[in-house]
Amino acid sequence: MKKNKPSNRDLVLQVATSLFLSKGYLATSMDEIVTASKVSKTNIYYYFKSKEDLLSAIMGQLIQTYTEMICDIAKRSSLTVEERFKDILQLLTRQQLECLGGCPFITLYAQMPPEAHMIREKIGQFFRNQIDTVEQLVLEGIQKQEFKADLQSRPTAQFIVAAIEGGLFLQHASEDSVTLDQTLPTLALLLK
């Protein structure tokens with residue numbers, strides 16, 4: 001049976017994602033992407049007008065993938081809110097992306113050119129959407145009396161997202177694989 005070979009566009013996206021996350025956007029040249037992907041520069045520029053256009057496509061893919069995974073867990077109403085937060089943390093720590101900053105969004109955001117306003121806005125919108133999702137979970141936890149009734153949902157959601165992102169960075173920077181595992185019990189104590 002014949003296997004479906006990825007298109008040149010998909011191959012370039014896969015290789016560029018890996019290089020941008022492991023080496024950094026600024027440290028990766030288009031020539032390196034050509035060499036690693038074995039796709040001609042002409043073909044790459046057929047799909048992507050510039051390196052920044054390639055980064056934008058990568059961000060779009062990452063945002064879609066992470067949003068779908070997180071929303072899928074958030075919708076599992078058969079689980080407690082705390083169990084869903086645990087599943088989200090486990091999902092984020094299981095991702096096999098090798099990132100300079102521990103999180104693909106932090107890694108790429110820190111590396112992108114200041115004039116990449118549209119890509120920066122995409123990342124900002126991604127985080128605003130994640131805060132919205134977490135806020136809905138917090139409100140559900142309050143309603144189901146899993147969490148303290150006097151919690152302010154929006155600041156609590158912002159704190160949780162910041163704790164997760166910071167935990168991903170600390171886990172990577174300190175090479176301590178249990179950092180995020182220790183975050184959930186602490187968050188649970190603060191919420192109850």
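Trainee: Which residues does UniProt list for "domain: HTH tetR-type"?
Mentor: This is a predicted model, where local features need pLDDT of at least 70, side-chain atom pairs count only at pLDDT 80 or more, and totals for chains, interfaces and linings use all residues. Residues are numbered from 1 along each chain as its sequence is written, and side-chain values use heavy atoms, with hydrogens and water left out. UniProt positions follow the numbering used here, feature names are shortened, and annotations may be inferred rather than shown by experiment. In an unreviewed entry, UniProt gives this domain as residues 6-66.

Trainee: What percentage of residues 6-66 is helix?
Mentor: Helices (H or I, at least four residues) and strands (E, at least two) are DSSP runs, numbered from the N terminus. Strand makes up 0% of this stretch, and its end C-alpha atoms are 21 Å apart. Helix accounts for 75%.

Trainee: How are the rings of Tyr 66 and Phe 105 arranged: stacked, tilted or edge-to-face?
Mentor: Rings of Phe, Tyr and Trp (its six-membered ring) pair if their centres lie within 6.5 Å; planes under 30 degrees apart are stacked, over 60 edge-to-face, the rest tilted. The whole structure has eight aromatic pairs. In this one the centres are 5.3 Å apart and the planes stand at 80°, so the pair is edge-to-face.

Trainee: Which helices hold Tyr 66 and Phe 105?
Mentor: The pair ties together parts that are 39 residues apart in sequence. Tyr 66 lies in α4 (residues 51-74), and Phe 105 lies in α6 (residues 104-111). The helices are α4 and α6.

Trainee: Is Phe 105 buried or exposed?
Mentor: Buried means under 20% relative accessible area, exposed over 50%, partly exposed in between (1.4 Å probe, protein chains only). Phe 105 has 2% relative accessibility, so Phe 105 is buried.

Trainee: Which residues do ring pairs link into a cluster with Phe 105?
Mentor: Phe 105 and Phe 127 have ring centres 6.0 Å apart and planes at 75°, so this pair is edge-to-face. Phe 127 lies in helix α7 (residues 117-143). With Phe 105, the cluster holds Tyr 66, Phe 126 and Phe 127.

Trainee: Which residue's charged end sits over the ring of Tyr 109?
Mentor: A charge sits over a ring if NZ of Lys or CZ of Arg is within 6 Å of the ring centre and within 35 degrees of the ring normal. Elsewhere, Lys 51 lies over the face of Tyr 25, at 4.5 Å from the ring centre. Over Tyr 109, at 4.6 Å from the ring centre, sits Arg 120.
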